[in-house]
Amino acid sequence: MSSVPDGKKLVRSPSGLRMVAENGAFNSPFCLDEPRWVPDKDCPRCMQCDTKFDFIKRRHHCRRCGRCFCDKCCSKKVALPRMSFVDPVRQCTQCCLLSQKEADFYEKQIKVLLAGSTFMVTLGSSDKCETMTCRLSNNQRYLFLDGESHFEVELSRISSMQILTETASPENDVDAYTSLLDGDYACEATSPRASGMLVHYKPPGSQEVQQLRLDAACNDDKKMSTAWLTAMHKAAKLLHKSQDHQ
């Protein structure tokens with residue numbers, strides 16, 4: 001599946017122009033679907049300030065949540081990369097704040113993940129580790145690991161992820177995202193510097209969970225490794241928010 005071309009196409013929706021994957025089944029897992037707009041007939045008043053709509057006070061739909069607002073409550077146009085819009089689109093006050101908080105991930109963190117970094121990688125319970133470069137695939141659907149060997153982990157097959165940190169206590173050294181895409185529980189702890197990542201996933205065609213551990217290499221690349229893990233931490237949060245949106 002990872003060999004499927006990352007082709008894009010330009011489509012027009014009621015909300016604006018979007019650059020989406022040619023095959024919708026291969027959209028980035030960080031993407032959100034466009035919401036259904038609340039029908040005008042079901043919204044006689046602004047859903048934030050309760051202003052009554054009339055010939056002068058017109059309805060406007062937030063492109064992120066689909067709810068109906070007056071111009072005052074839905075006047076800002078903000079970039080919405082999670083829905084692949086080409087240009088900034090109209091959003092309500094609450095959605096504007098969410099989109100602005102995500103801007104750093106799309107402007108900076110995603111580039112760090114795509115560039116990759118070097119880790120000491122351990123598979124399962126093996127006592128052997130291999131120096132490998134880990135990066136996010138261009139279509140954002142896989143983690144690619146390259147060294148003397150090569151393998152990949154599809155994000156949708158990850159059942160849990162833990163960001164390891166530089167602390168002495170094993171009980172307190174993780175930010176855990178249990179069932180990263182499919183689960184109901186996510187626990188975030190206050191953490192010092194990230195030092196590694198523990199992933200549980202199911203390989204294609206298997207329901208047996210396997211473990212993958214990445215530890216930052218103790219060399220000049222450690223700063224880059226820490227930056228990559230921090231970016232992956234933020235990616236995990238977005239994946240959970242995607243689940244909440246569905």
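Visitor: Which residues does serine 99 touch, not counting residues up to four places away in sequence?

Guide: A contact means heavy atoms within 4.5 Å. On that criterion, serine 99 touches Arg64, Val78, Ala79, Leu80 and Gln91. Please note that this is a predicted model, in which local features need pLDDT of at least 70 and side-chain atom pairs count only at pLDDT 80 or more, while totals for chains, interfaces and linings use all residues. Residues are numbered from 1 along each chain as its sequence is written, and side-chain values use heavy atoms, with hydrogens and water left out.

Visitor: Where is serine 99 found, and is serine 99 buried or exposed?

Guide: Helices (H or I, at least four residues) and strands (E, at least two) are DSSP runs, numbered from the N terminus. Serine 99 is found in helix α1, residues 93-115. Buried means under 20% relative accessible area, exposed over 50%, and partly exposed in between, with a 1.4 Å probe and protein chains only. With a relative accessible area of 4%, serine 99 is buried.

Visitor: How many salt bridges does a search of the whole structure find?

Guide: Side chains of opposite charge can pair when their charged atoms come close. A salt bridge is a side-chain nitrogen of Lys or Arg within 4 Å of a carboxyl oxygen of Asp or Glu. The search finds nine salt bridges. In one of them, the side chains of glutamate 102 and arginine 82 meet at 3.1 Å, N to O. Glutamate 102 lies in helix α1 and arginine 82 in the loop between β5 (76-78) and β6 (89-91), so this pair ties together parts that are 20 residues apart in sequence. Both glutamate 102 and arginine 82 are buried. A network of salt bridges links Arg64, Arg82 and Glu102.

Visitor: Which residue forms a salt bridge with lysine 108?

Guide: The partner is aspartate 104, the closest N and O atoms being 3.7 Å apart. Lysine 108 and aspartate 104 are separated by about one helical turn, because they are four residues apart in helix α1. Lysine 108 is exposed at 51% relative accessible area, whereas aspartate 104 is partly exposed at 25%.

Visitor: What does the count of disulfides come to?

Guide: A disulfide is a covalent bond between the sulfur atoms of two cysteines. The criterion here is a pair of cysteine sulfur atoms within 2.5 Å. By this rule the count is zero. For cysteine 43, the nearest cysteine sulfur is that of cysteine 68, 3.4 Å away. Cysteine 43 counts as buried, at 2% relative accessibility.
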